[in-house]
Amino acid sequence: MNEKEIIVTLGGGVKVDAAFKGFTIRTDQPVKAGGENSAPSPFDLFLASLATCAGYYVAAFCQERKIPAEGLSLRMTWTRDPDSKLIGRVLIEILLPAGFPEKYRAAVVKAAAQCTVKAHLAHPPEIAVEARV
């Protein structure tokens, strides 16, 4: 297995596992979708990847400027389009602690917006699906 390869195996029922870079990422579906709710769903991981990616950029921003990050957190919420049922808007809020330098407020927002997951949503790759024996 190389760094640009994920091996997916079926774990029984609707559980699906992904092996990647020495980690196993387990997924399941909610009970209402036929799962056991024993792990996040793949879509939950997609949402979490967006939020944690923004968090990474905020953490790196603070580290580079030696700004203490204690008490800093992010909250991501989303709304669905009523017609398509797809997510229509995502809001990532950076919850700054008291004492966060005001001069960096706009810059930390800009840093979070540089998230590579967000960039890939703005410029999605071609995704091909094939079946092989």
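Biologist: By class, what residues are in the lining of the second largest pocket?
Modeller: Keep in mind this is a predicted model. That lining has 9 nonpolar residues, 1 charged and no polar ones.

Biologist: Which residues line the second largest pocket?
Modeller: L50, A54, V90, I92, I94, V109, A112, A113, K118 and L121. Helix 1, strand 5 (87-95), helix 2 and helix 3 each give two or more residues to that lining, and strand 5 gives the most, with 3 residues.

Biologist: And what volume does the largest pocket have?
Modeller: About 770 Å³, while the second largest pocket holds about 200 Å³.

Biologist: Which residues lie nearest the centre of the largest pocket?
Modeller: I6, L45, F46, S49 and V117, out of 21 lining residues. By class the lining divides into 15 nonpolar, 5 polar and 1 charged. Helix 1 gives the most here, with 6 residues.

Biologist: Switching to the helices: at what angle do helix 1 and helix 2 pack?
Modeller: Helix 1 (residues 42-64) and helix 2 (residues 105-112) pack at about 135°, and their axes are 8 Å apart. The two helices are therefore oblique to each other.

Biologist: Is the crossing of helix 1 and helix 2 left-handed or right-handed?
Modeller: Right-handed. On the helix 1 side the contact is made by A54, Y57, V58 and F61, and on the helix 2 side by A107, V108, A111 and A112.

Biologist: How many polar or charged residues are in the contact of helix 1 with helix 2?
Modeller: No polar and no charged residues; that contact has 8 nonpolar ones.

Note on methods: Residues are numbered from 1 along each chain as its sequence is written. This is a predicted model: local features need pLDDT of at least 70, side-chain atom pairs count only at pLDDT 80 or more; totals for chains, interfaces and linings use all residues. Side-chain values use heavy atoms; hydrogens and water are left out. Axes are lines fitted to C-alpha atoms, for helices over the stretch in contact, and angles run from 0 to 180 degrees between N-to-C directions. Helices (H or I, at least four residues) and strands (E, at least two) are DSSP runs, numbered from the N terminus. Angles under 35 degrees count as roughly parallel, over 145 as roughly antiparallel, 65 to 115 as roughly perpendicular and the rest as oblique. A crossing is left-handed if the near helix is turned anticlockwise from the far one by less than a right angle, and right-handed if clockwise. Contact means heavy atoms within 4.5 Å. Ala, Val, Leu, Ile, Met, Phe, Trp, Tyr, Cys and Pro count as nonpolar, Asp, Glu, Lys and Arg as charged, and the others, Gly among them, as polar. On a 1 Å grid over the protein atoms alone, a cavity is a set of points where a 1.4 Å probe fits but cannot get out, and a pocket is an open set with protein on both sides within 12 Å along at least five of seven lines; lining residues have an atom within 4 Å of a point. Grid points are joined across faces, edges and corners, and a volume is the space filled by probe spheres set on the points.
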